[in-house]
Amino acid sequence: HRLYIRINSDDDFLADDIAQLTQPGVTGFLVPKVESASYVRRVDDLVSRAEAARSMQPGSIQLTLMAETPAALFKIDEIVRESPRTVALLVGNNDLAAIALCDDHSDAFNTFFSTAALAARAAEIEPIWGAYTWLDDSAGFDFACRRMK
């Protein structure tokens, strides 16, 4: 079994979330709102300290980074390569669409997704499409699934 937990990105909760949730049985963390390599480095450092405090194997907790803002696009290559813990890059399509004022069929969204997916592949991690929330649109869901290949 694999267990991934979404941690808070808010500075008031980030360190506590990582300290409390880093434990045997947890595969990794979903890290939201990643906009810089320095943020990934901070998360990695916090996880390393929490692993040590619990006498866990160093590097046992994986990271799936969530790119959800236009700011992430311009630093995506640095972001995906910052930590050896990173196993995947999830494009937070709903947040991105809201922040960038676009929809998931727009040129802006396609550029973001394509750039993120190629950066993930170049870093040898998995690109992941975010949540598909239009449950009554099976053709759109099929399109989104094919887009991930």
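Okay, let's start with a definition: two strands pair if DSSP finds at least two bridges between them. Strands here are DSSP E runs of at least two residues, helices are H or I runs of at least four, and both are numbered from the N terminus. With that in hand, strand 2 and strand 3 run parallel and are joined by four bridges.

A quick word on what you're looking at. This is a predicted model, where local features need pLDDT of at least 70 and side-chain atom pairs count only at pLDDT 80 or more, while totals for chains, interfaces and linings use all residues. Residues are numbered from 1 along each chain as its sequence is written, and side-chain values use heavy atoms, with hydrogens and water left out.

What is the order of its five strands? They go 1-2-3-4-5 in an open sheet, with parallel pairing. Strand 1 (4-6) and strand 5 are at the edges with a single partner strand each, so one side of each has no neighbour in the sheet. From one strand to the next, the twist averages 25 degrees; angles are taken between N-to-C directions, on a scale from 0 to 180 degrees, using axes that are lines fitted to C-alpha atoms, for helices over the stretch in contact.

Let's walk across the bridges. Phe29 has Leu63 in strand 3 as its bridge partner. Leu63 in turn stands opposite Thr86 in strand 4, and strands 3 and 4 pair in parallel over five bridges. Then strand 4 (residues 86-91) pairs with strand 5 (residues 126-129), again parallel, over four bridges. There, Ala88 stands opposite Glu126, and Val91 has Trp129 as its bridge partner.

How many of its six residues are buried? Five are, so strand 4 is largely enclosed by the rest of the structure. Buried means under 20% relative accessible area, exposed means over 50%, and partly exposed is in between, using a 1.4 Å probe and protein chains only. Over on strand 5, Pro127 and Trp129 make up the covered face, and Glu126 and Ile128 the uncovered one.

Now the helices. Helix 1 (residues 11-21) packs on helix 2 (residues 37-53) at about 35 degrees, with the axes 8 Å apart. The crossing is right-handed, which means the near helix is turned clockwise from the far one by less than a right angle. Which residues meet? From helix 1 you have Asp11, Leu14, Ala15, Ile18 and Ala19, and from helix 2 there's Tyr39, Arg42, Val43, Leu46, Val47 and Ala50. Contact means heavy atoms within 4.5 Å. By type, that's nine nonpolar residues, two charged and no polar, with Ala, Val, Leu, Ile, Met, Phe, Trp, Tyr, Cys and Pro counted as nonpolar, Asp, Glu, Lys and Arg as charged, and the others, Gly among them, as polar.

On to the core. The largest nonpolar core has 39 residues, and those with the most contacts inside it are Ile18, Phe29, Val31, Val43, Leu65 and Leu89. Helix 6 (107-122) is among the elements that supply at least two residues, and helix 6 gives the most, with seven. A nonpolar core here is a set of buried Ala, Val, Leu, Ile, Met, Phe, Trp, Tyr and Cys residues joined through side-chain atoms within 4.5 Å.

Take Leu65: beyond neighbours within four places in sequence, its contacts include Val31, Val40, Ile79, Ala88 and Leu89. Ile76 is in helix 4 and counts as buried, at 5% relative accessibility. Leaving out residues up to four places away in sequence, Ile76 touches Ala67, Leu89, Thr115, Ala116 and Ala119. By contrast, Asp16 in helix 1 is exposed, with a relative accessible area of 52%.

Lys33 isn't a glycine, yet has a positive phi of about 55 degrees. Lys33 sits in the loop between strand 2 and helix 2 and is partly exposed, at 31% relative accessibility. Glu124, also not a glycine, has a positive phi near 60 degrees. Where is Glu124? In the loop between helix 6 and strand 5, and Glu124 is exposed at 74% relative accessibility.
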